[in-house]
Amino acid sequence: MRATLTGDVWWKNAVVYCLDVETFFDSDADGIGDLAGLSERLDHLVDLGVDVVWLMPFYPTANVDDGYDITDYYSVDPRLGTLGDFAEFLRTAHEKGLRVIADLVVNHTSSEHPWFREARSSRDSPRRDWYVWRDEPGPEQPGDVVFPDRENSIWTLDKKSGQYYQHRFYRSQPDLNVANPRVRDEIARIMGFWMALGLSGFRVDAVPFLIETQSADGSPGTSEALPDPHDYLRDLRAFLNRRHGGAVLLGEVNLSHQDARAFFGDEDGDEITMLFDFPTMQAMYLALARSDAGPLRTALSGRPPTPDDSQWAVFARNHDELTLDKLSLAERQQVFDAFGPDESMQLYGRGLRRRLPSMLEGDQDRIRLTYSLTLSLPGTPTLFYGEEIGMAEQLSLDGRMAVRTPMQWAPGELGGFSAVDDPDRLCRPFPDPPFAPDQVNVMAQRHDPESLLSWMRRRIRTYRECPELGWGTATVLDHPLATVFAHRCDWEGGTVLLVHNLAEEPVTVALTLPDRVGSELVDLFDPQRREPVGEDGSVGIDLGRYGGRWFRLIRPGALRLV
């Protein structure tokens with residue numbers, strides 16, 4: 001079925017843009033971004049060419065974990081605006097052709113949430129079984145503690161009631177008991193509420209932890225109340241689709257490809273709509289560190305195909321640590337040595353707390369190579385705010401917060417982010433030179449045709465013109481050069497070819513396309529550059545320093561715009 005007839009699966013060829021309202025744009029000069037400010041800056045996203053705005057948590061919060069410790073699922077953090085401001089933002093986004101999804105954080109609540117306050121008030125509380133309790137700490141395994149710098153157990157004693165409660169994250173984030181049908185019903189009500197206001201879906205936080213149900217005594221395992229955790233994901237997807245046929249669930253499932261595949265559901269894809277492709281992301285950084293495409297070839301060749309109604313989401317960076325947990329210790333160390341040699345740049349010994357431009361020391365060729373790869377790998381690309389202009393991190397901030405600095409709109413000590421009277425009142429400091437707002441900002445790059453922002457706009461526009469990337473079948477191509485990653489995507493008779501050089505030295509790579517004899521390759525960014533496919537199916541492609549080229553294969557006499 002052609003893409004023009006399948007608007008309910010719009011996400012197959014979309015570009016997702018993740019942002020935090022708090023750090024995007026401040027409209028009232030208090031140093032904190034807000035919903036009104038986000039509405040003012042939506043034209044930037046339209047100009048960039050993205051389709052979907054993914055909002056990090058904007059709900060009322062105790063703010064111990066940057067909004068991921070929620071105290072009310074049905075309202076807006078008053079620092080960011082009101083529910084009316086949210087409705088106005090959604091209206092504006094929809095008018096500009098943007099869809100909006102939001103974080104669904106229901107593995108845990110804040111310990112300040114009224115539900116938990118009621119639950120801990122007494123062992124006889126009606127909400128006691130909304131959380132997970134034990135008389136003694138439950139069994140634990142290495143790696144169970146998500147934040148080992150702050151916690152040493154997933155169980156904490158509640159002195160008032162004399163029992164331990166479970167928390168896979170911080171102790172101020174007690175885990176909800178999703179095996180409880182009343183909790184599952186409440187999660188559905190939360191989803192229904194925000195979809196009624198106009199959301200097009202949710203990014204589901206920590207999916208494997210969410211469905212880690214509890215047995216009667218509180219130990220991890222499968223309970224009688226929820227015999228198959230995946231049944232619950234099917235129920236969520238079915239509820240979502242009943243309320244909004246084109247809505248999506250974008251799942252955070254940091255598992256191997258084979259283990260993650262189960263979260264798509266059956267052959268038709270009846271669970272999570274899209275899954276972040278963590279293994280391929282990690283393989284890409286190992287390939288960049290080695291200047292060797294081997295890890296990326298292996299990862300993509302071994303990635304399971306998705307059901308028709310599902311998709312992988314590809315990314316170079318997200319809002320958390322840049323996790324490397326699927327690499328071996330030796331491989332991880334190679335990435336650390338290349339991109340984060342100082343321990344202050346690393347987190348928990350398993351990831352990096354840096355953004356790409358600083359990891360690559362501002363090398364524009366390598367930066368653009370990485371985003372060319374990200375936008376051309378089969379799947380739905382997801383960008384983190386500021387990537388389009390080359391923002392860096394501020395390592396003085398704690399942990400993962402290092403990459404969550406204010407958006408840099410203009411030069412100056414306030415970065416065009418706010419008109420607050422004192423820079424010290426900004427929600428967070430900006431990165432230091434050479435990545436400070438004076439050197440990196442939207443204003444300077446908007447009208448510079450050679451800027452990273454202009455380059456990203458062109459790449460995203462071209463990505464949108466290549467439905468093969470989102471809909472097609474991907475094939476990794478064999479050739480003799482270790483430094484070159486080449487793949488093709490085929491869909492409904494159309495073929496695009498993507499070729500990237502991960503090394504500093506220019507190369508010419510010989511590829512074989514036996515089914516395209518007589519065709520020619522047309523460079524999508526310079527249509528005057530054309531490479532004929534020989535009678536034996538061979539074609540040679542020149543690649544510059546860290547060069548990436550996208551081609552469309554055109555058959556003789558074909559009528560196709562390039």
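Ring pairs join Phe-58, Tyr-59, Tyr-74, Phe-86, Phe-89, Phe-193 and Trp-194 into a cluster. Here the rings of Phe, Tyr and Trp (its six-membered ring) pair if their centres lie within 6.5 Å; planes under 30 degrees apart count as stacked, over 60 as edge-to-face and the rest as tilted. The model is predicted, so local features need pLDDT of at least 70 and side-chain atom pairs count only at pLDDT 80 or more, while totals for chains, interfaces and linings use all residues. Residues are numbered from 1 along each chain as its sequence is written, and side-chain values use heavy atoms, with hydrogens and water left out.

By this rule there are 30 aromatic pairs. The rings of Phe-24 and Trp-409 are edge-to-face, because their centres are 5.2 Å apart and their planes stand at 85 degrees. This pair links distant parts of the chain, 385 residues apart: Phe-24 is in the loop between β1 (16-19) and α1 (35-40), and Trp-409 is in the loop between β14 and α14. Such labels refer to DSSP runs numbered from the N terminus: helices (H or I, at least four residues) and strands (E, at least two). Phe-24 is buried, with a relative accessible area of 0%, and Trp-409 counts as buried at 7%; buried means under 20% relative accessible area, exposed over 50%, and partly exposed in between (1.4 Å probe, protein chains only).

A second pair, Phe-116 and Trp-133, is stacked, because the ring centres are 5.8 Å apart and the planes are at 0 degrees. Phe-116 belongs to helix α4 (residues 114-121) and Trp-133 to strand β4 (residues 133-134).

The charged end of Arg-128 sits over the ring of Trp-133, 3.5 Å from its centre, and Arg-41 lies over the face of Trp-409, at 5.0 Å from the ring centre. A charge sits over a ring if NZ of Lys or CZ of Arg is within 6 Å of the ring centre and within 35 degrees of the ring normal.

Another arginine, Arg-400, is found in the loop between β14 (380-384) and α14 (442-446). Arg-400 counts as buried because its relative accessible area is 11%. Leaving aside neighbours within four places in sequence, Arg-400 is in contact (heavy atoms within 4.5 Å) with residues including Asp-65, Phe-147 and Asp-320.

Helix α10 (residues 294-301) is largely enclosed by the rest of the structure, because six of its eight residues are buried. Among the elements covering these buried residues are α9 (278-290) and β16 (484-491).
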